[in-house]
Protein chains: 2
Amino acid sequence: MKKILLVVLTVCVVLPLRAQKVMGFTASNAAKQLDWEKQFDAGLKASNQDAYMRFLTSHPHHVGSPQGKANAEYMADLFRQWGYDVRIAEYQVLFPTPKLLQLEIAGNKNYKPKLREQVLAADKTSGQLAEQLPPYNAYSADGDVTAELVFVNRGVPADYEELARRGVEVKGKIVIAKYGGSWRGIKPKVAAEHGATGCIIYSDPADDGYAIGDAYPEGGYRPGDGVQRGSVMDMPVYPGDPLTPDRGATRDAQRLDRSEAPTIMKIPVLPISWEDALPLLQSLKGEVVPAGWRGALPITYHTGPSNVKVHLKLAFNWDIKPLYNVIATLPGADYPDEWVIAGNHHDGWVNGAADPVSGMVAEMETARVIGELVKKGFKPKRTLVFCAWDGEEPALLGSTEWTEDHQAELSRKAVAYINTDGNGRGIVNAGGSHIFEPFFNEIIEQVTDPETGVSLKERKYAQTVVNADKTARAKLLGNKYMKLGALGAGSDWGGFLQHLGIASLNMGFGGESEGDQYHSIYDSYDHFTRFIDPGFTYGVTLSKTTGRTLLRLADADVLPVDFTSFYKTVSEYVTEIKTQLEKTRTETEEETKMRKEQLFELARDPKKTYQAPEAKEPVPFLNWGSLENALMSLKNASEEFQQLYEKAVRLPAGGQVSLNAILYKAERSLLQPDGLPRRSWYRHQVYAPGFYTGYGVKTLPGIREAVEQRYWKEAQENIERMAATLQAYTNQVKAAAVLLK
Amino acid sequence: MKKILLVVLTVCVVLPLRAQKVMGFTASNAAKQLDWEKQFDAGLKASNQDAYMRFLTSHPHHVGSPQGKANAEYMADLFRQWGYDVRIAEYQVLFPTPKLLQLEIAGNKNYKPKLREQVLAADKTSGQLAEQLPPYNAYSADGDVTAELVFVNRGVPADYEELARRGVEVKGKIVIAKYGGSWRGIKPKVAAEHGATGCIIYSDPADDGYAIGDAYPEGGYRPGDGVQRGSVMDMPVYPGDPLTPDRGATRDAQRLDRSEAPTIMKIPVLPISWEDALPLLQSLKGEVVPAGWRGALPITYHTGPSNVKVHLKLAFNWDIKPLYNVIATLPGADYPDEWVIAGNHHDGWVNGAADPVSGMVAEMETARVIGELVKKGFKPKRTLVFCAWDGEEPALLGSTEWTEDHQAELSRKAVAYINTDGNGRGIVNAGGSHIFEPFFNEIIEQVTDPETGVSLKERKYAQTVVNADKTARAKLLGNKYMKLGALGAGSDWGGFLQHLGIASLNMGFGGESEGDQYHSIYDSYDHFTRFIDPGFTYGVTLSKTTGRTLLRLADADVLPVDFTSFYKTVSEYVTEIKTQLEKTRTETEEETKMRKEQLFELARDPKKTYQAPEAKEPVPFLNWGSLENALMSLKNASEEFQQLYEKAVRLPAGGQVSLNAILYKAERSLLQPDGLPRRSWYRHQVYAPGFYTGYGVKTLPGIREAVEQRYWKEAQENIERMAATLQAYTNQVKAAAVLLK
């Protein structure tokens, strides 16, 4: 520990000297800002986060629940006390809840699935049975189906290819899939595409149960009866209320008929625990699954079909429910029409301590202390907006409806959107718009990790190097710069970033939490304070990190953007796709050769069914010239701008206003009004959730997904489209540079 | 199936034309040889293999058992009937059997491990309780120890490094290890090196049980009470009778006192089933194991120590037992003092159907049909020796004592040793001396795979390409040449190859057997004929493959060797070690840098114990010049010889005798009389079992293991030694070439 102390001392001594420079601030404003930040840090109290969490998690608080409304009002009251202008923005959305959930093995009365989690003495809120939503998948179809079962691993397209090669028929069957490996909504979507009539999703202990760590309540991991609730709406098409795409779901909004809403799942889907799944899995016959498909249950996993028929009957109340978004505003002293927005959702599937309250209470404490700073004389130039979203769990409902409802205003005013969600103990993670990468690096250099005393950045670097594969270490050693991830789906940035082109960041901590109870009744205050972030140590650290991000964005003389980071990242994406294309070409050629030599037939075990992969067309060469030229222009413009950027803080105020407007609106030029192929809601051309991965981001999705799907014509069209998009973006960068010349 | 038929036809039409040429034969002798081989194939009967197996597996037939002796006599009788000179070569060896096997959890009377496998109605011989050896590890120490338990994963050195990093103390504890990942004898050896007082080894279902396929008797995989017996003698030091290293264990041989025999294990060791292991694993506390250590039991695996004390008490009868090797000889017509030797062991741990009888019956049928050919006028030039070894399971006893006993004669006379052991359904596998690589490729080109109708070589190629990682396909596609593996330990070639320098091959089929019951009572006739090779289809194919190998070696005008294959292979080994050395250097430099930057301390979870790896000295640069020069000489000499090789069949008879003597004795020059560092029995400088892997081969072991162990001085010494060895070998190659000029 001696050596670590030395490092801490070094950091303490060196930081104040270095920290005089803050991106986007004049030297004197930087000094003031750092002083306010010091006071901000000092004001944050873990005990407050604890108190907020106790209230917010005291009862189940899903969409439409009494506690959900009470939580919105509780937060609204607090924000008001802290000096904010507060409104509760209400929307009316389609939110189905279970009327009947039935799962049987035909002719087997011994199979009595619980379909519920049990009450635990060690978990005080687990007994609130009457208030809990039972485990279900929101936006599943109503249905009553009886069929044999087939095991489809994660239920992604590659799994169905594997089944086809083994001659396993899915059509007319009910599929059973493991959670994980894709966003859950992909599983029934792909199942339905393959003709399955129903879908069961279960939590295998290999993924979040006893295989990973001791099960709750002895340890923190998912127990045998734990179930992951969650939405299966087809959000890669559009999130939010299925009845009001691209419109706020206000009381009098024009609505689709439910029968024509494209994002509602086409087949019935039910999530179950591994205890309930075990007898189903044991009924599967047929071949043994490929090694990578195995879970951790003490059985031989088979593909099926089962030797029994399974009866799945689901019916839902298709009600319109009210959403309560809390919107708390602190008007900017100089630029009230430039909004820096923070958001975290407040609805949970049940008591939702980790997800979402841990992030929500950090946001609240951030807002409280900023309110105190304001009372002490702090006057941020720009308007700060703190949002607590309702209905994130079912479909990012609250944030989507609000951004759709206010799209014109947000397009004009929103400078940036900073999202948080569940938070845990460990290492900083962040993703978002790459113009913010150097800015975010500056912040994590200046926030201290509470466990080791070094900066968040140093710790992230240490962990990245130590956890890296040995072959990758050489590249990582000495390179402390933290790359931002790209944002797909998974929380409330979609409306801001992907629909409206508002530059966004998402951040949080994790990696040292000891198990989670994601979307279960056990995601409780008791669980959180034992296993996720005892003492809210990282809750406070999250406040410090988001707080600095918000304060600097709100108060900077010139917005802290870096276009070269964006250029470099997009350039890497292009290289990735080209590499993927070449790999696909080679693999296709090789596979064709293997087919011609009949190697698949000769290699297979003649006692087992095995179909050679289907013949594939050769991969054409694509024209990349226009995109490469656009990248070159962007590179030149970005580098020119960044060379001039230092001068920006010395611009007269009027010049800064013009410059800042260009800087925060540049991201809008990455939108295309008609969006991505087959999903017009997603207008951003750089970041989108994968059509077949869901959470998983697809960068440059128009090109990348076309290449993956072998839509060669579409790939070429999207290369041209991307070139035009980048050209429009480059024009903004050039316009910004002109102001500095 | 239409297309496959076409391939078959093509092969049938093309083969006879191509096959006129046989390596080492004049054209006219080749035609005669191929005709004999055709008759040989036609004579082989699966039903005979079935009948032999029924007899040989009818009762347990381990060393010293009545059935073991009966089997030797049965085979001796048959070989005699088939026209062979037969002797039973008897040796007297130390072979411990259990007197007392006791395993308890101190203070827990509910824990009653079975330590036996149960009788199954579906397995007729499973009920021969009185004749079965119970599950035990031969050459375990006697012992009576009580201690806490620690889980050590596979029990190899890297696992102990991982435990040390987590602060888990092994000294004074009993370790529990999973089978697999190393030869079993390594586990107690490394445990003892780390101060453990006892060792338990269990079969995790992740490796050979329900995780892989349905358990016996429904499927072929190891059931919950299945146990793997086996030796834990320190065979990487020397195999065979521990009391008579380097000497045949004849009745009056000079013997070590048991207390000074270095290969007897120092601590008590017991193998158990997963059912017996489960309560022990559940008693382990401490940290959760690293992900790669998990098995497939429905528990959270912890490192320990346990919260209970385990009592392990083992006592053995340390008896001298007789071994019965069957040696059947067919004297060569022209060169009776040139011996081509085939061997398979006949002892099993229990009924031993797959291991070893499946290989033994193929050898027997090969011998029978060769006997028939001789009656029809076939006169192989060289002497054929068919061996059935006793005591392979405990320590390669029979083959080792015989080769030690006859080392002078074998050094003069042995042309090659062809080993087989357990055989199964599937794809050909082979390893051995690389001078035989083109020869073996010729053979597998001419033997037909019974399931697909293409050659063994085509099928091997198909499977290699299809199963390869996609990134490796490009290299493999179109390259049908089959590389021979290198031989470590695992069956009876050790005495021949590694002690005496007799060029060897080991071959068999596998990959499509449906589970095995390795070293269990369930390795029975019933299990074999259901799951391993129903109908002995691949038993007959093995006879065809080994038969051709033996017939051609016995009857060739000039021995079918290729020195360039040996050169290329050794050259690749040198490159591998150099690459490994550079990788070690880079990783050491990186780790040192990471230590200096304290990245290990900063990355770790402060709630968990984690020691940074110990400081390592920088990796020096080694001098490779002499070895590289020796390789260059070998390359030139080999290439020259191979260019002249075609002429060899046209040499006069006397010249061929001289040439053949050089060719088969060349391998002897790869021996060094004082053997490898710390294990003088292993004289071969190119192939040896790994000191810390056991089965796993280490090629160029003197250099490779020194590099792995960071014995830099020893590595350099062994580079020079290898250079000298290769130079001696090259001189033989040159001498052979001189005869052809």
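# Briefing: chain contact, a buried strand and domains

In this predicted model, 42 residues of chain B are in contact with 42 residues of chain A, where contact requires C-beta atoms, placed from the backbone, within 7 Å. Local features need pLDDT of at least 70 and side-chain atom pairs count only at pLDDT 80 or more, while totals for chains, interfaces and linings use all residues. Residues are numbered from 1 along each chain as its sequence is written, and chains are lettered from A and ligands numbered from 1 in the order in which they are written.

**The side of chain B that touches chain A**

- At least two residues each come from α1 (2-18), α14 (456-467), α15 (473-476), α19 (563-596) and α20 (599-603) of chain B; helices (H or I, at least four residues) and strands (E, at least two) are DSSP runs, numbered from the N terminus.
- With seven residues, α14(B) gives the most to this side.
- By class, this side has 21 nonpolar, seven polar and 14 charged residues; Ala, Val, Leu, Ile, Met, Phe, Trp, Tyr, Cys and Pro count as nonpolar, Asp, Glu, Lys and Arg as charged, and the others, Gly among them, as polar.

**Strand β5 of chain B**

- Strand β5 (residues 198-202) of chain B is largely enclosed by the rest of the structure, because five of its five residues are buried (20 or more other C-beta atoms within 10 Å of the residue's own, with C-beta atoms placed from the backbone).
- G198(B), I200(B) and Y202(B) lie on one side of β5(B), C199(B) and I201(B) on the other, and both faces are covered.
- Five bridges pair β5(B) in the parallel sense with strand β4 (residues 174-178) of chain B; pairing requires at least two DSSP bridges.
- Within this chain, the path from β4(B) to β5(B) passes through helix α6 (residues 186-193) of chain B in a right-handed β-α-β crossover, meaning that the path over the helix runs clockwise with the strands pointing away from the viewer.
- Strand β7 (residues 269-272) of chain B runs parallel to β5(B) and is joined to β5(B) by four bridges; I200(B) stands opposite L270(B) in β7(B).

**Domains of chain A**

- Chain A is divided into domain 1 (27-93 + 321-448 + 486-555), domain 2 (96-319) and domain 3 (563-740), with bounds from an automatic or database domain assignment.
- The C-alpha centres of domain 2 and domain 3 of chain A lie 33 Å apart.
- Their contact takes 16 residues from domain 2 of chain A and 14 residues from domain 3 of chain A.
- Helix α5 (residues 157-165) of chain A supplies three residues, the largest share of the side of domain 2 that touches domain 3.

Key:
Buried ≥ 20, exposed ≤ 12 C-beta atoms within 10 Å, placed from the backbone. Contact = placed C-beta atoms within 7 Å.
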